[in-house]
Amino acid sequence: MIETKGFAVQDAKSDLAPWNFERREVGPHDVQFDIQFCGVCHSDLHQIRDDWGGGIFPMVPGHEIVGKVVKVGSHVKKFKVGDLAGTGCLVDSCRTCDNCKEGLEQFCSNGFTATYNSLEQDKKTPTYGGYSNTIVVHEDFVLHISDKLDLAAVAPLLCAGITTYSPLKFLGVGKGHKLAVLGLGGLGHMAVKFGVAFGAEVTVLSTSPAKEADAKKLGAHKFVVTKDANQLQSVAGSFDFILDTVSAPHDLNMYVGLLKTKGVHVCIGVPPAAYELNPMGLIFGRKSVVGSLIGGLPETQEMLDYCAEHGIVSDIELIDIKNINEAYDRMIKGDVRYRFVIDMATL
């Protein structure tokens with residue numbers, strides 16, 4: 001077994017603190033890479049607090065992981081020692097269901113293995129995430145990382161990046177479309193970057209007027225304060241797509257009213273309570289409300305390659321791991337522009 005250092009919570013009420021554990025030895029098809037940077041996702045906080053239930057403790061969070069390969073198994077063909085590598089939200093899946101065969105491992109019919117707070121495919125061995133110094137992953141779930149970009153700023157692409165890239169690509173968002181991005185946080189700022197890169201006219205919908213300058217710097221063409229009734233009315237029935245990144249409670253019916261006929265509202269944020277949706281708002285306009293998760297392995301690699309080609313990374317604040325609990329407090333307050341990334345050299 002490989003002795004590993006990390007930060008973990010021992011239960012849903014404790015803070016993250018140093019914790020040593022063991023990872024499996026490198027098998028024939030495994031890649032071991034030492035973690036240089038790990039992004040901090042809002043879902044990390046949800047999971048360590050067991051907001052979604054079923055928490056497996058002790059828990060080592062982190063699924064935006066990048067670093068350098070230090071060992072490969074005897075049958076590994078895709079990586080060699082010294083390569084830059086990354087792992088996102090998945091470390092395994094059944095490989096045999098129709099979704100997995102289609103490269104949609106995130107929808108594995110038999111249950112994918114998440115990078116942390118999950119069980120390996122043996123359904124009994126817990127997984128531990130990227131708030132640690134090294135990780136061992138099957139080569140099929142390891143991604144190639146370009147050396148063209150700032151490695152720390154690449155880390156959030158493994159979750160925030162693919163979570164926004166995937167639905168925009170699936171829906172064919174591009175030139176001639178009007179895209180609204182609801183919420184300008186870790187997900188929202190990536191949605192703006194991709195929407196602009198794809199050629200859409202991008203409007204940011206936000207409750208905070210103070211974010212207008214940032215939205216424009218990110219490339220957004222327009223900005224609407226959703227608490228301003230006049231501004232909201234000015235964009236009624238105007239959007240082809242709304243990408244909803246908000247995890248706080250909000251009125252979905254209001255935003256459906258901003259869609260054009262045949263418009264699509266895409267939910268990628270997860271509010272704590274179920275939406276209340278009036279079907280009349282959908283029926284009169286053939287509008288749709290859809291959801292999207294992350295992406296499968298092929299699409300995630302496609303996204304990383306696209307970002308390397310177009311110079312797209314996340315806007316980050318690099319932190320020392322000893323400040324992670326403080327970072328969570330700031331994240332709850334929205335006090336981050338726009339993603340915390342842990343420098344794992346501080347572990």
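L293 is placed in the loop between β15 (288-291) and α10; helices (H or I, at least four residues) and strands (E, at least two) are DSSP runs, numbered from the N terminus. At 38% relative accessibility, L293 counts as partly exposed, because buried means under 20% relative accessible area, exposed over 50%, and partly exposed in between (1.4 Å probe, protein chains only). This is a predicted model, in which local features need pLDDT of at least 70 and side-chain atom pairs count only at pLDDT 80 or more, while totals for chains, interfaces and linings use all residues. Residues are numbered from 1 along each chain as its sequence is written, and side-chain values use heavy atoms, with hydrogens and water left out.

**The surface patch**

- Together with F107 and F112, L293 forms a nonpolar patch on the surface, with about 250 Å² of accessible area in total.
- Patches are made of residues with over 30% relative accessible area and no salt bridge; like charges are joined within 9 Å, and nonpolar side chains (Val, Leu, Ile, Met, Phe, Trp, Tyr) within 5 Å.
- Accessible areas come from the Shrake-Rupley method with a 1.4 Å probe, and for residues only the protein chains shown count as cover.

**Helix α10**

- Helix α10 has 14 residues and reaches 20 Å from its first C-alpha to its last, close to the 20 Å expected at 1.5 Å a residue; the expected span is 1.5 Å times one less than the number of residues.
- The buried residues of α10 are L297, E299, T300, Q301, M303, L304, Y306, C307 and A308.
- These buried residues pack against β6 (90-92), β9 (143-144), α3 (151-154), α4 (160-170) and α5, where contact means heavy atoms within 4.5 Å.
- E299, found in α10 (residues 297-310), touches I162, Y165, S166 and K169, not counting residues up to four places away in sequence.
- E299 is buried yet has no salt bridge, and the nearest side chain of opposite charge, K169, is 7.4 Å away; Lys and Arg count as positive and Asp and Glu as negative, whereas His and the chain ends are not counted.
- Q301 also belongs to α10 and counts as buried because its relative accessibility is 16%.
- Leaving aside neighbours within four places in sequence, Q301 is in contact with L143 and H144.
- After α10 comes G311, whose phi is positive, near 65 degrees.

**Helix α5**

- Helix α5 (residues 186-197) has 12 residues and reaches 17 Å from its first C-alpha to its last, close to the expected 16 Å.
- This helix is mostly covered, as 10 of its 12 residues are buried; among them are L187, H189, M190 and F194.
- Just after α5, G199 takes a positive phi of about 100 degrees.

**The buried residue H63**

- H63 lies in the loop between α1 (42-48) and β4 (65-72), and counts as buried because its relative accessibility is 7%.
- Not counting residues up to four places away in sequence, H63 touches several residues, including C38, C41, D44, T87, Y116 and C159.
- From C-alpha to C-alpha, H63 and E139 are 16 Å apart in space, and they are 76 residues apart in sequence.

**Salt bridges**

- A search of the whole structure finds 16 salt bridges, each being a side-chain nitrogen of Lys or Arg within 4 Å of a carboxyl oxygen of Asp or Glu.
- Another salt bridge joins the side chains of R330 and E317 (2.9 Å, N to O).
- R330 lies in helix α11 (residues 324-332) and E317 in strand β16 (residues 316-320), so this pair ties together parts that are 13 residues apart in sequence.
- R330 also forms a salt bridge with D335, the closest N and O atoms being 2.9 Å apart.
- Salt bridges that share partners join K78, D92, R95 and D140 into one network.

**Backbone features**

- The peptide bond from F57 to P58 is cis, with omega near -5 degrees, and P58 lies in the loop between α1 and β4.
- A cis peptide bond also joins R337 and Y338, with omega about -5 degrees.
- R95, although not a glycine, has a positive phi of about 75 degrees; R95 is placed in the loop between β6 and α2 (98-101).
- R286 is likewise not a glycine and has a positive phi of about 45 degrees; R286 counts as exposed, at 66% relative accessibility.
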